[in-house]
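Have the model open beside you as we go.

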Amino acid sequence: MGQKILVVEDNELNLKLFCDLLRAHGYEAQAVRDGREALASARAFAPQLVVMDIQMPHISGLELIEQMKADAELRATPIMAVTAYAARGDEERIRDAGAEGYVSKPISVVRFVEAVAALLAAAAEREAAAAAEAPGEEPPARENEPREDEPGEPGEEEGRE
Ligand code: MN
């Protein structure tokens with residue numbers, strides 16, 4: 001089973017394009033058409049990556065990115081924003097909101113797939129690094145600790161009455 005990617009996109013053609021592309025590359029894609037369902041879907045699907053449209057009715061992708069990054073359960077999941085606005089200020093706002101990646105529409109198929117793979121690889125590296133530093137492991141043995149091999153008390157007490 002491939003890695004799971006949640007695709008949040010209100011435009012049916014783009015949604016199909018993104019999902020088809022991802023599936024063709026071995027990913028398991030789940031579509032979300034209504035941004036208001038994005039967080040619940042992300043919790044239920046537990047994807048390794050979220051592809052997030054920015055221009056959507058009801059709730060913008062920008063708000064959703066902020067909400068996901070404020071959510072303890074979802075914040076570690078990388079987000080790749082996809083937007084038709086190519087203005088520099090927009091990219092900055094998207095990055096400030098916490099998106100790890102950014103691709104502008106109309107997408108280049110090659111760039112889209114490369115960006116997905118790069119974000120997944122970076123997330124896997126972060127996870128491996130976090131696991132290596134995780135607490136709960138045996139502390140390293142101390143070598144200069146004095147040994148407790150002094151003779152014990154004699155077993156029998158002497159001089160009992
Ligand atoms: Mn849209």
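Q: How do you know that the span of helix α1 agrees with its 13 residues?

A: First, a note on the model: it is predicted, so local features need pLDDT of at least 70 and side-chain atom pairs count only at pLDDT 80 or more, while totals for chains, interfaces and linings use all residues. Residues are numbered from 1 along each chain as its sequence is written. Helices (H or I, at least four residues) and strands (E, at least two) are DSSP runs, numbered from the N terminus. The expected span of a helix is 1.5 Å times one less than its number of residues. For α1 (residues 12–24) that gives 18 Å, and its end C-alpha atoms are 18 Å apart, so the two agree. After α1 comes G26, with a positive phi near 90°.

Q: Why is D71 called partly exposed?

A: A residue is buried if 20 or more other C-beta atoms (placed from the backbone) lie within 10 Å of its own, exposed if 12 or fewer, and partly exposed in between. D71 has 14 C-beta neighbours inside 10 Å, so it counts as partly exposed. You will find D71 in the loop between α3 and β4.

Q: What makes the buried residues of α3 line one face of the helix?

A: In α3 (residues 61–69), the buried residues are G61, L62, L64, I65 and M68. Seen down the axis, they fall within an arc of 160°, so they line one face; the arc is that of the directions from the helix axis to the C-beta atoms. An α-helix has 3.6 residues a turn, so residues three or four places apart point the same way.

Q: Which residues have the most contacts inside the largest nonpolar core?

A: They are I5, V8, V51, M52, I65, M80 and A81, in a core of 31 residues. A nonpolar core is a set of buried Ala, Val, Leu, Ile, Met, Phe, Trp, Tyr and Cys residues joined through C-beta atoms within 7 Å.

Q: Why is one side of β2 and of β5 left without a neighbour in the sheet?

A: The open sheet has five strands in the order β2-β1-β3-β4-β5, with parallel pairing. β2 (28–32) and β5 (101–104) stand at the edges with a single partner strand each, so one side of each has no neighbour in the sheet.

Q: How do you know that β3 and β4 pair?

A: Two strands pair if DSSP finds at least two bridges between them. Four bridges join β3 to β4, so by that rule they pair. In β4, M80 is the bridge partner of V51.
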